[in-house]
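Work through the exercises below with the sequence and the model side by side. Each task is followed by a solution in steps.

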Amino acid sequence: MARIIAVANQKGGVGKTTTAVNLAACFAEAGKKVLLLDLDPQGNASQGVGVDKNKYDTTIYDVLVDHVPLDQVVLATNYDNLSLVPSHRDLVGAEIELVGENDREFRLRNAIVPVQDAYDYIVLDCPPALGLLTLNGLVAATGVIIPLQCEYYALEGLSELLHTIILVRDNLNADLAVKGVLLTMYQHTNLSRQVMEDVRNHLGTKVFETWIPRNVSLSEAPSYGMPIIHYDNKCAGARYYRMLAQEVDNRA
Ligand code: ATP
Ligand code: MG
């Protein structure tokens, strides 16, 4: 059965999508069968593996709102072992359309169950909000990765997110574990060093040993629709995301 990893933080621009795309690509490179699932109406994860987010008529939106079977919206990518469930801008409306449904938090989990044996990893890229889409991600997941940007205010919002995770675990998904907190966009500055030290003091072993450096290639790769290991195989970003994939895989 697949391990289902939600990459979540309601704070915007902290490296969720970069992490979801590159972790998925590194798992696939290591021979795992991987499904990257784009839960964000922005569709950045879809674009990150070269898929135009508005090209497809049936997407994760139809899975969540109209019970279309998940395997009907899975697309192959240009990369071995890596498949994608694309997003669509209509997904913005899904939160409202699902409000009155009593299984609204379980739509994604129920959709994943029939395909769970077909993959080693299912990676969920969550939007920057703690709404129903992220909640569907947390209810479907077996583990959460929380990216924190090495900037002032890195910990802002974290207690709210951790509280939500505890509520989900207590009420909706007993299997949910925090896989780890990931420090992203690390630079060799006093501020980055201080943030890293504070976060490690505060959260201890919950923080991955691997951090992700700020790296120009990582910011360029999405515009070519390529994961970092295919865009610039030897850059620091590629090396560190490979190390992260290894660490996540080891943290069973
Ligand atoms: P959102 O909340 O909008 O979904 P996000 O949390 O998914 O954002 P990303 O889209 O992954 O964050 O990253 C935000 C921006 O920072 C993007 O332009 C991305 O290319 C860039 N970025 C992310 N990680 C790095 C890095 N390690 N080095 C350099 N640039 C990065
Ligand atoms: Mg994103």
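**Exercise 1. Classify K11 as buried, partly exposed or exposed, and find its salt-bridge partner.**

Step 1. K11 has 23% relative accessibility and therefore counts as partly exposed. The classes are buried for under 20% relative accessible area, exposed for over 50%, and partly exposed in between, with a 1.4 Å probe and protein chains only.

Step 2. The partner of K11 is E156, with 3.3 Å between the closest N and O atoms. A salt bridge here is a side-chain nitrogen of Lys or Arg within 4 Å of a carboxyl oxygen of Asp or Glu.

Step 3. E156, at a relative accessible area of 46%, is also partly exposed.

Step 4. K11 lies in the loop between strand 1 and helix 1, and E156 in the loop between strand 6 and helix 7, so the pair ties together parts that are 145 residues apart in sequence. Helices (H or I, at least four residues) and strands (E, at least two) are DSSP runs, numbered from the N terminus.

A note on the source: this is a predicted model, in which local features need pLDDT of at least 70 and side-chain atom pairs count only at pLDDT 80 or more, while totals for chains, interfaces and linings use all residues. Residues are numbered from 1 along each chain as its sequence is written, chains are lettered from A and ligands numbered from 1 in the order in which they are written, and side-chain values use heavy atoms, with hydrogens and water left out.

**Exercise 2. How many salt bridges does a search of the whole structure find, and which parts does the pair R3 and D249 tie together?**

Step 1. The search finds 8 salt bridges.

Step 2. One of them joins the side chains of R3 and D249, at 3.9 Å from N to O. R3 is in strand 1 (residues 3-7) and D249 in helix 11 (residues 236-250), so this pair ties together parts 246 residues apart in sequence.

Step 3. R3 is partly exposed at 24% relative accessibility, and D249 is partly exposed at 22%.

Step 4. Another pair is E105 and R104, whose closest N and O atoms are 3.9 Å apart. E105 counts as buried at 15% relative accessibility, whereas R104 is partly exposed at 28%.

**Exercise 3. Which residues have the most contacts inside the largest nonpolar core?**

Step 1. A nonpolar core is a set of buried Ala, Val, Leu, Ile, Met, Phe, Trp, Tyr and Cys residues joined through side-chain atoms within 4.5 Å.

Step 2. The largest such core has 53 residues, and L39, I60, L70, L108, L124 and I146 have the most contacts inside it. Helix 6 (residues 132-140) supplies the largest share of this core, 6 residues.

Step 3. Take L124 from that list. Beyond four places in sequence, its contacts (heavy atoms within 4.5 Å) include I4, I5, V7, L37, L39, L108 and I112.

Step 4. There is also a second, separate core of 36 residues, with V21, L23, A24 and L244 among them.

**Exercise 4. Is T19 buried or exposed, and what does T19 touch?**

Step 1. T19 is found in helix 1 (residues 16-29).

Step 2. With a relative accessible area of 0%, T19 is buried.

Step 3. Not counting residues up to four places away in sequence, T19 touches V7, A24, L182, T184, Y241 and L244.
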